[in-house]
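Hello,

I am handing over the structure below. My notes follow it.

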Amino acid sequence: MSDPVSIGALWRGWRDVLGRLGFETAALDAKLLTGHALGLDALSLATREQEPVAAADAERVAALLQRRVGGESVARIIGEREFFGLAFALNAATLEPRPDTELLVELAIEALPQGGRLLDLGTGTGCIPIAVLANRPDAIGLATDISGEALEMARANAARHRVVDRLGFARGNWFEALSANEESVREFDLIVSNPPYITSAVVETLAPEVKDFDPRLALDGGSDGLAPYRIIAAQAQDFLVPGGKVLVEIGYDQGSSVSAMFSEHGFADIVVHKDLNGLDRVISGHHLKDK
């Protein structure tokens, strides 16, 4: 019988496997998944490197790393992803929160008036409204999604971060969720959304961890990637207070097209906000229609 492998040797061995397969974050992935399987944080993983690993524990590590080899993201394997300083649990119906969307949250926190009412369309994990409400204890919100499974995850995340008493949930496709829920608030100070905006043809070319594991409904924006924006731009004014605001995340090449849609439907003061990489990321606009 061979001697048991040490913790350090175990994660480094998997680092080398991932490295040979072309994973750019091989060392980090191997550390995170080894630590998760063994119940060790980063400090413990470093200070206990020489300790032997029992065969059953090594098998548990191997099972997780094999999932990574198959293209599944570390966050999906662990079951949660950090976003805006908060941990969000994931399930098969939710998109994995990504740092790009934090700009939308920052803008929403600034845009909400005191005691404001927020609507998030297509909430997924609930990361956007939960992060906003966690930083704005005066505000309330409503999160919608077409998936009941996604709403269950969002509700659990809201409870985890202690905003569930200020965040309602409604199931339905875009604004249809409000019509289907008679108890829903009908007018909001701010509407936000990170809708699907990738063209149908491009979805098939995405990295396996996105294409094969993120829900297709949360990725595919139709033949031109703009289908959700047409709905939001056309209907948002019916659910905004006078002077209410919309914030939507967009693809890097969609600034002009989406801006034109909102302008056509009566929005003013339209601004395209760039992310830290200098790419178009969020569009904001006010609706000035009298109620």
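In which hand does α1 pass α2: left-handed or right-handed? The crossing is right-handed. (Left-handed means that the near helix is turned anticlockwise from the far one by less than a right angle, and right-handed means clockwise.)

Before the rest, some ground rules. This is a predicted model, in which local features need pLDDT of at least 70 and side-chain atom pairs count only at pLDDT 80 or more, while totals for chains, interfaces and linings use all residues. Residues are numbered from 1 along each chain as its sequence is written, and side-chain values use heavy atoms, with hydrogens and water left out.

**The helix pair**

Helix α1 covers residues 7-20 and helix α2 covers residues 26-38. (Helices are DSSP runs of H or I, at least four residues; strands are runs of E, at least two; both are numbered from the N terminus.) The two axes come within 8 Å and cross at roughly 135°. (Axes are lines fitted to C-alpha atoms, for helices over the stretch in contact; angles run from 0 to 180 degrees between N-to-C directions.) That makes α1 oblique to α2. (Under 35 degrees is roughly parallel, over 145 roughly antiparallel, 65 to 115 roughly perpendicular, and the rest oblique.) From α1, the contact is made by I7, L10, W11, W14, R15, L18 and G19. From α2, A26, A27, D29, A30, K31, T34 and L38 take part. (Contact means heavy atoms within 4.5 Å.)

**R160**

R160 sits in helix α8, residues 148-160. At 42% relative accessibility, R160 is partly exposed. (Buried is under 20% relative accessible area, exposed is over 50%, partly exposed is in between, with a 1.4 Å probe and protein chains only.) Its side chain makes a polar contact of 3.0 Å with the side chain of E80. (That is a pair of N or O atoms within 3.5 Å; within protein, one must be able to donate a hydrogen and the other to accept it, and residues adjacent in sequence count only if both atoms are side-chain atoms.) R160 and L86 are 74 residues apart in sequence, yet 9.8 Å apart in space, C-alpha to C-alpha.

**Two loop residues**

N194 lies in the loop between β6 (188-193) and α10 (200-203). N194 is buried, at 19% relative accessibility. A polar contact of 3.4 Å joins its side chain to that of T101.

L279 lies in the loop between β8 (267-274) and β9 (280-287). L279 is partly exposed, at 36%. Leaving out residues up to four places away in sequence, L279 touches Y252, H273 and K274.

Best wishes
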